[in-house]
Amino acid sequence: MSAFQINLNPLKEPLGFIKILEWFASIFAFATCGGFKGKTEIQVNCPKVGVNKNQTVTATFGYPFRLNQASFHTPPNVSVCDVNWEKHVLIGDYSSSAQFYVTFAVFVFLYCIAALLLYVGYTNLYRDSRKLPMIDFIVTLVATFLWLVSSSAWAKALTDIKVATGHRIVEELEICNPESGVSCYFVSVTSMGSLNVSVIFGFLNMILWGGNAWFVYKETSLHSPSNTSASHSQGGGPPTSGM
């Protein structure tokens, strides 16, 4: 096995340079999604119990977006309409799409580190091997497909999260109806700009990995057979005219 020797030349080539971009893009993908915290607020009015002023209740949510576990809370030491608001939660569980997206992004982040270490530290081993470039090529194709799947699933989940934490809350909460004497009005929800960015980086990663597949393919024996001398040793040499 070749000894570890730093060679920065692969980073100047598309193969290494795009891998650095993939590494950065994976960080933004899981950080913008996994680090999100938000809240949604509604105002409540309950004239039947003698309270005519609007009071605010809040539901806090975040990654992994199990909204059905995000209950509403009132201000400290304040009873709003004599209702136990902690029994009322948001609608939906989008943890599967969010966790799949973030987990995959973390694995990509780790793979990029390993690949860069191989490119820079074991350049000759990578270039002289038939298996390593082929493994790299297969992983690149699989990663491209999984970025498409995970980003599409997360984009759909994000759309549903925006609906579930928006104006629709008032329609979904059982307590918010004329029969109960509680009137609810949607106030606000935390901006989800960072989550929009996470979706963008997901599809950006798909483009980067799909584009890099060509440069990885060029390193494989499928594009550049490395053992051309074997055919000469078996066949003796190129056929001569007259045979």
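## Getting started

Buried here means that a residue has under 20% relative accessible area. That cut-off comes up several times below. Keep in mind, too, that this is a predicted model.

## The two disulfides

Let's begin with the cysteines. A disulfide is a covalent bond between the sulfur atoms of two cysteines. This structure holds 2 disulfides. Counting the bonded cysteines along the chain, the pairing pattern is 1-2, 3-4.

## The link between C46 and C81

One of the disulfides joins C46 to C81, with an S to S distance of 1.9 Å. The angle about its S-S bond is -90 degrees, and the link is left-handed. C46 sits in strand β1, which covers residues 37–46, while C81 sits in the loop between β3 (72–73) and α2, so the bond ties together parts that are 35 residues apart in sequence.

How about their surroundings? C46 has a relative accessibility of 1%, so it counts as buried. C81 is buried as well, with a relative accessible area of 8%.

## The link between C176 and C184

Further along, C176 and C184 form a disulfide, and here the sulfur atoms are 1.9 Å apart. This link is left-handed, with -75 degrees about the S-S bond.

Is C176 buried or exposed? C176 counts as buried, because its relative accessibility is 12% and the cut-off is under 20%.

A couple of other cysteines are worth a look. C33 comes out at 0% relative accessibility, so it counts as buried. C112 is likewise buried, and its relative accessible area is 0%.

## A cavity inside

Which residues line the largest cavity? The lining is made up of P10, L15, L118, Y119, T123, Y126 and R127. By type, these residues divide into 5 nonpolar, 1 polar and 1 charged.

Helix α2 (95–121) and helix α3 (123–128) each supply at least two residues of the lining. The largest share comes from α3, which gives 3 residues.

Technical notes:
Residues numbered from 1 in each chain as written. Predicted model: local features only at pLDDT ≥ 70, side-chain atom pairs only at ≥ 80, totals over all residues. Heavy atoms only, no water. 1 Å grid on protein atoms, 1.4 Å probe; cavity = no way out; pocket = protein on both sides within 12 Å on 5 of 7 lines; lining within 4 Å. Helix = DSSP H or I, 4+ residues; strand = E, 2+ residues; numbered from the N terminus. Nonpolar A, V, L, I, M, F, W, Y, C, P; charged D, E, K, R; others polar. Disulfide = S-S within 2.5 Å. Buried < 20%, exposed > 50% of the residue type's maximum accessible area, 1.4 Å probe, protein only.
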